[in-house]
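Q: I'd like to learn how to read an interface, and then a few other features, in a model like this one. Can you walk me through it?

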There are 2 protein chains.
Amino acid sequence: MKVRRYDENPLISPRDVPPFHKGFEVIGVFNAGVAIFRNETILLLRIAERPKNEDQDIVKAPFFNPKTKKIEIVCLNKNDPHYDSSDPRVIKEASCGRFIYLTSISYCRVARSRDGHHFTVDDQPLLYPSNQLEMFGIEDPRITQINEKYFINFSAVSPWGVGDSLATTVDFMSAHRQGMIFAPENKDVVIFPEKINGKYFALHRPVPRSNGSPEIWIAESDNLLYWGNHKCLIGLRKGMWDDGRIGAGAVPIKTEKGWLEFYHGASQDDRYCMGAVLLDLNHPDQVVARSEQPVLQPEMPYEKDGFFGNVVFSCGAIVEEDTVKMYYGISDTSIACAEFSLNEVLDSLTTCT
Amino acid sequence: MKVRRYDENPLISPRDVPPFHKGFEVIGVFNAGVAIFRNETILLLRIAERPKNEDQDIVKAPFFNPKTKKIEIVCLNKNDPHYDSSDPRVIKEASCGRFIYLTSISYCRVARSRDGHHFTVDDQPLLYPSNQLEMFGIEDPRITQINEKYFINFSAVSPWGVGDSLATTVDFMSAHRQGMIFAPENKDVVIFPEKINGKYFALHRPVPRSNGSPEIWIAESDNLLYWGNHKCLIGLRKGMWDDGRIGAGAVPIKTEKGWLEFYHGASQDDRYCMGAVLLDLNHPDQVVARSEQPVLQPEMPYEKDGFFGNVVFSCGAIVEEDTVKMYYGISDTSIACAEFSLNEVLDSLTTCT
C-alpha cells in the first residue's frame with residue numbers, strides 16, 4: 001500500500017506554538033481532532049505544556065486547581081524512592097505502578113488551514129481544564145460532525161482516573177461542556193457521524209484493573225450524552241503489531257463496504273502504529289475485516305524520535321473521493337499528515353470469519 | 001446505635017441449597033438483591049458453585065462457554081509459578097496480579113419468604129450466564145422496583161473484565177436481558193427507584209487501572225439503559241474503616257432528610273463493613289452527610305469466619321416505618337439479616353461541609 005507523507009512534515013511542532021502559560025514551555029503539539037469548517041481544515045490540537053525547570057533533581061508536576069481556576073505546580077524530588085519517573089510523561093507511585101501526577105498539562109487549541117498543509121494556530125484555547133475531572137488536563141480530542149454541530153470528545157484526566165468527556169461547538173470559537181460520557185478508565189472514544197438503525201454508536205476503550213486488556217468496545221446511545229449496551233468489539237492479537245493495547249483513532253468513515261475505522265495498536269514495547277478495521281454498515285457491532293499489517297507505522301526520523309518515540313497516533317482523517325488524508329501525532333511531539341487510497345486500504349483488509 | 005441481628009442467622013447457608021450443576025458443590029449463598037413482591041420478601045441470591053476436587057495440587061476453574069451454552073472446567077496446576085492462587089476466589093497471573101480465572105461460578109436464584117426470616121429457595125436460576133460477557137458468572141444483584149417492573153443489575157464477569165449489566169422481570173419467574181450498562185471495570189451499581197428532576201440516577205464504582213481508586217460515582221439516564229454525566233461522589237478516607245475500597249450497597253432509600261445509601265467500605269486489609277451516606281433529595285450528586293463509624297461490622301463468628309472472612313456486604317434492605325431490615329452477605333458464604341432504626345442511622349451521620 002502506497003503512503004504519501006507530506007513534504008512539510010511535521011506540519012506543526014512545539015517551536016511553532018507559543019506557550020499559553022507564563023514560565024511554561026510547549027513540549028507537544030499532537031493528537032489532533034480533525035474537521036472541515038467553512039472550507040477550512042480544522043485541527044483541534046492537543047497542546048502539552050510543562051513548567052520550565054533548571055533543577056535536574058526536581059520534577060515539576062502542573063495541575064489545574066478547580067477552586068482557584070488556576071494552574072498550580074507541585075515539585076517532587078526525583079530521587080525519592082516513593083516515585084518512579086522512568087516514563088517521561090508521568091510520575092508513578094513506585095509501590096503500585098499507578099501514576100499520581102503528569103509532567104505536563106494538556107489542553108486544546110484550534111489550527112486552521114486553507115490547503116491542509118499550512119496551519120495558523122489560535123492564541124486562545126478552545127478547550128481548557130474547567131473542573132475536578134480535568135485537573136490533569138484534556139487530551140486527544142476527536143471531532144464528529146452531525147448536521148451543523150460538532151461533537152468534541154476528549155480524555156479528561158484527573159486524580160480520579162482518565163475518562164472521556166464531551167463538548168459541542170458550532171463555530172470553533174467557543175465550546176460547551178456536556179459532561180463525562182465514559183467513566184474511568186476509558187479513552188480513545190470515537191462517535192459515529194450518523195444514527196444507524198435509530199441509534200448513535202461509539203467505539204471506546206475501557207482499561208479494567210482486575211482483569212482484561214485495553215481493547216476496543218462499542219456502545220449505543222439515543223442522545224450522545226448517555227451510553228449503554230457495551231460490547232467488546234475487537235481484541236489484541238498475540239505476536240502481532242497490536243498485541244499490547246489498541247484504541248479507536250479516527251472517526252469512523254462510511255464506505256460502501258462498511259464503516260472503516262482507523263485504530264491505533266501498540267506492541268508490548270510501546271511502538272504505536274495505525275491499522276484499520278471494517279464494521280458492518282447496518283450492524284457496527286459486527287466485524288467484517290481487519291488489517292494484518294499496519295496502514296501506517298513509525299518509519300521517518302521525525303516519527304521515531306521525540307518526547308515519547310516510535311509513535312504514530314491519529315485522532316482524525318479527511319476523505320476526498322478515494323484519498324484519505326490522515327493527520328497523526330508523532331512521538332507525543334508534533335503533528336503530521338499522510339495520504340493513501342481508501343480503496344487500497346479496503347482491499348488490503350483480511351475478512352474475519 | 002442498636003443493631004438487632006436475627007436469631008436465625010445465617011438465614012441461608014450453602015448446606016441449604018442443592019447445587020444446580022452435577023459434580024459441583026455450593027460454596028456460597030450470599031450478596032442478595034432484595035425486593036417485596038406479592039407480599040413476599042424476595043432475596044435474589046448469588047449462588048457460587050465450584051467443581052468438586054479431590055486433588056490438592058490441582059485447582060479447577062469453571063466457566064460458561066457461550067458457544068456450547070455449557071459450563072466447562074479448566075484444570076490448573078497449583079504449583080505452576082505462572083499462577084498465584086493465594087486469594088481463594090481467583091487464580092491470578094503471577095506476573096501482573098490480574099486474575100485469569102475464578103475458582104467458582106456464580107448465578108442467581110430466588111428465595112421467597114412470608115416472614116422475612118424463613119426462606120424457600122427456587123430450584124431453577126432466575127439469572128444464569130448467557131453470553132460472552134458473563135463467561136465467569138453473574139454476581140451481586142441489586143433490585144430496583146419502578147412501578148410494576150423490577151430492574152435487576154448485576155456484575156457480569158468475563159475474561160474481558162467485570163462490568164455491570166441489567167435485566168428486568170415482572171414476576172421473578174423469568175427475566176429479560178437489557179445489555180451491559182456500565183463497561184469494565186465497574187460493579188456495585190444501584191439504581192435510584194424514581195426519577196429526580198426528570199432524570200434517573202445510579203451510583204456506580206469504576207476501578208481504573210492507570211490511576212485513581214475504587215470509589216463511588218454517580219451517573220444519570222433517561223431510560224435506565226444508557227448512562228452518562230459521570231461524576232465522582234465520595235472517596236476513600238485515609239486511616240478510617242473505608243480507606244481501601246468503597247461501593248454502593250442497598251438501593252437508595254428516600255427519607256425526608258435525603259437519599260440514604262448504605263454502602264460497603266473495606267479497609268486495606270479487606271475487612272468489609274457497611275456505612276451510610278446521605279445525598280440531597282433533589283440533587284443526589286451532592287453529599288449531605290456520612291457515617292464516621294460503620295453501621296454494621298463483622299462481629300459474630302459467622303461474620304468473621306467463612307470462605308472469605310471478615311465481610312458484611314449488603315445488596316439490599318427493606319424499610320418498614322422506622323425499621324431498616326438489612327440483608328447482607330457474610331464472608332462470601334451465607335446470608336444474614338439485621339434490623340436497626342432508620343432515624344438512629346440518620347441522626348448518627350456527620351454533616352459534610
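Q: How much area is buried between chain B and chain A, and what share do carbon and sulfur atoms give?
A: The size of an interface is often given as the accessible area lost when the parts come together. Here buried area is the accessible area (1.4 Å probe) that two parts lose on being put together, summed over both. For chain B and chain A that comes to about 3300 Å², with 52% from carbon and sulfur atoms. B:R209, B:N211 and B:Y226 supply 25% of what chain B buries against chain A, more than any other three residues. Bear in mind that this is a predicted model, where local features need pLDDT of at least 70, side-chain atom pairs count only at pLDDT 80 or more, and totals for chains, interfaces and linings use all residues. Residues are numbered from 1 along each chain as its sequence is written, chains are lettered from A and ligands numbered from 1 in the order in which they are written, and side-chain values use heavy atoms, with hydrogens and water left out.

Q: How many salt bridges and how many polar contacts are there between chain B and chain A?
A: A salt bridge is a side-chain nitrogen of Lys or Arg within 4 Å of a carboxyl oxygen of Asp or Glu. A polar contact is a pair of N or O atoms within 3.5 Å; within protein, one must be able to donate a hydrogen and the other to accept it, and residues adjacent in sequence count only if both atoms are side-chain atoms. Between chain B and chain A there are zero salt bridges, but 22 residue pairs are in polar contact, both residues at pLDDT 80 or more.

Q: Which element gives the largest share of the side of chain B that touches chain A?
A: Strands (E, at least two residues) and helices (H or I, at least four) are DSSP runs, numbered from the N terminus. Strand 18 of chain B gives the largest share, five residues.

Q: Where do salt bridges turn up, then?
A: Over all chains, the whole structure has 38. In one of them, B:D140 pairs with B:R46, their closest N and O atoms 2.9 Å apart. B:D140 is in strand 11 (residues 137–146) and B:R46 in strand 3 (residues 40–51) of chain B, so the pair ties together parts 94 residues apart in sequence.

Q: What is the strand order in the open sheet of three strands in chain B?
A: Two strands pair if DSSP finds at least two bridges between them. The order is 6-7-8, with antiparallel pairing. Strand 6 (83–84) and strand 8 (99–102) are the edges, each pairing on one side only. B:I91 stands opposite B:Y101 in strand 8 of chain B.
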